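Let's take a walk through this structure together. Have the sequence and the 3D view ready, and follow along as we go.

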Amino acid sequence: MDGLVLTCDHDGRLRALHRVGAGLPGLTGKPGTPFPALFGPDAVAGALDLFSGLRKSGRALDHPVPSRLDPAGVLHVSGLSDAEGMVLAVTRAPGGFPALTEALDALNPRLARRLAPLGSAVATPELPGADALFDEMTLLNNELANVQRALAKANAELAASNEQKNRLMGMLAHDLRTPLQVVVGFAELLEQRLDGRLEATERACLERIRESSLSMRHMVEDALSLAALQAGRLRLARRPSDLAALVRRNVSMNRVLAEGKCITIELSVPERPLPMADVDPAKLDQLLNNLLSNAVKYSDRGGRVRVALSEAAGEVGGEGGGRARLRVSDDGRGIPPAELAQLFQPFARTGRLGTEGEGTVGLGLYICRSIVEGHGGRITADSAPGRGSTFTVDLPLVASSP
């Protein structure tokens, strides 16, 4: 049996030419030559069809290639594409592939094993409909590329829209904060100037103005912080601060909100001064405002809220190697375990309303967590239905200078 076996790379470039029997004297070529060129100029079109079929279906059997380089005038090529590249068996007569591989087995068993999968192939170069399937896959691939481009454009537009929304939220919240502060200030001024001349109803009205204004200011601060967080711009203006003084001042201000529900806020701070803490006082005020307003919101009228500040040695710390621990506890309704796991997520709203119907947008505790983690600390919640809630904040301390 006379014939040739060509081994090529995946691009169809000749690696080696193996003669079986006398070979096919008219066909020869150097390594690196595209195999369609071996069949002569007039056979390139047919050989390229063969190459295309191998790329699509992975195999061909008795594919006719006209060639004037051989006396037969037409050569028959069987081949396949595998992990190593392409391997082609060339014979003069159709159906000569089995005899060629049998002869090849004695000369080059490894090459014969590469061609063995063709032994069970059907005598057609491709499965019926393969061209249509390939065209359909190409069309789908093009459509997928178009959808990906459209999606990338939509994502870019969405990111720009989100940035504009964040800027608008920040501007609105900033513009609302100043007039609210004015309302609180004038309510306090009136209460001081008219002390002793106000009836109980009038004093209650001033307290309600202060209480509502403070509550609104807390929400505005949360809106500002959310916009900054979403834009990745929550910055901390740290400076050495007296945590005990900061907590005392904040508790004094939040007692206005607590008095509206006849709730007592009890404060416990160490008698021995704590080391100075490297914190942002404004953000710590916001943290306390959120924790205390939540405690008041979910406590029954006439209840108690406890605030305790202490120092604890531990692995979290600044230069002083210690940490400050702040606890805010209430005797309210508590939080179910299923809701506790999502408590510090943005817009995580529990199924509970405040004890007097107060609602929430679900931002306060998310912002608390962001502030605490921004300071290198941690915040945890311990709660269960019917036994109230305790929020614990650990913050690094910085030792006071001598």
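Which side chain meets that of Arg-304 in a salt bridge? Glu-266 does, with 3.2 Å from N to O. A salt bridge here is a side-chain nitrogen of Lys or Arg within 4 Å of a carboxyl oxygen of Asp or Glu. The two ends of this one sit in distant parts of the chain, 38 residues apart: Arg-304 belongs to strand S9 (residues 304-313), and Glu-266 to strand S7 (residues 264-268). Arg-304 is partly exposed, at 39% relative accessible area, and Glu-266 is partly exposed too, at 31%. For these labels, buried is under 20% relative accessible area, exposed is over 50%, and partly exposed is in between, using a 1.4 Å probe and protein chains only.

Before going further, a word on what you're looking at. This is a predicted model, where local features need a pLDDT of at least 70 and side-chain atom pairs count only at pLDDT 80 or more, while totals for chains, interfaces and linings use all residues. Residues are numbered from 1 along each chain as its sequence is written, and side-chain values use heavy atoms, with hydrogens and water left out.

Now the overall picture. The chain has 9 helices and 12 strands; these are DSSP runs numbered from the N terminus, with helices (H or I) of at least four residues and strands (E) of at least two. Of its 402 residues, 41% are buried. Take the contacts (heavy atoms within 4.5 Å) with a separation of 6 or more: 63% of them are between residues 24 or more positions apart. The accessible surface comes to about 21,300 Å², and carbon and sulfur atoms make up 56% of that. Such areas come from the Shrake-Rupley method with a 1.4 Å probe, and for residues only the protein chains shown count as cover.

Let's stop at helix H2 (residues 97-107). Its buried residues are Phe-97, Leu-100, Thr-101 and Leu-104. They lie on the same side of H2, because they cover an arc of only 95 degrees around the axis, judged by the directions from the helix axis to the C-beta atoms. Turn to the face pointing away from that buried side and you'll find the exposed residues Pro-98, Glu-102 and Ala-106. What covers the buried residues? Strands S1 (3-8), S2 (14-20), S3 (59-66), S4 (74-82) and S5 (85-91) are included, along with helix H3 (109-115).

Back to charges for a moment. Side chains of opposite charge can pair when their charged atoms come close. The whole structure has 12 salt bridges. One of them joins Asp-70 and Arg-92, whose closest N and O atoms are 2.9 Å apart. Asp-70 is in the loop between S3 and S4 and Arg-92 in the loop between S5 and H2, so this pair ties together parts 22 residues apart in sequence. Asp-70 is buried at 4% relative accessibility, whereas Arg-92 is partly exposed at 31%.

Another salt bridge pairs Asp-394 with Arg-323, at 2.5 Å from N to O. Since Asp-394 is in strand S12 (residues 389-396) and Arg-323 in strand S10 (residues 322-330), the pair ties together parts 71 residues apart in sequence. Asp-394 is buried, at 4%, and Arg-323 is buried as well, at 9%. Elsewhere, salt bridges with shared partners connect Asp-82, Glu-84, Arg-110 and Arg-114 in one network.

Stay with S12, where 7 of the 8 residues are buried. S10 and S12 run antiparallel and are joined by 8 bridges; two strands pair if DSSP finds at least two bridges between them. Arg-323 shows up again here, with Pro-396 as its bridge partner in S12. Strand S11 (residues 378-383) also runs antiparallel to S12, through 6 bridges, and one of its residues, Ser-383, has Ser-389 as bridge partner. The hairpin of S11 and S12 has 5 residues between the strands, and Gly-386 takes a positive phi near 90 degrees there.

Leu-189 is partly exposed, at 38%. With Val-182 and Phe-186, Leu-189 forms a nonpolar surface patch of about 270 Å² accessible area together. Patches take residues with over 30% relative accessible area and no salt bridge, joining like charges within 9 Å and nonpolar side chains (Val, Leu, Ile, Met, Phe, Trp, Tyr) within 5 Å. Phe-134 is also in H4, and its C-alpha atom is 7.3 Å from that of Lys-56, 78 residues away along the chain.
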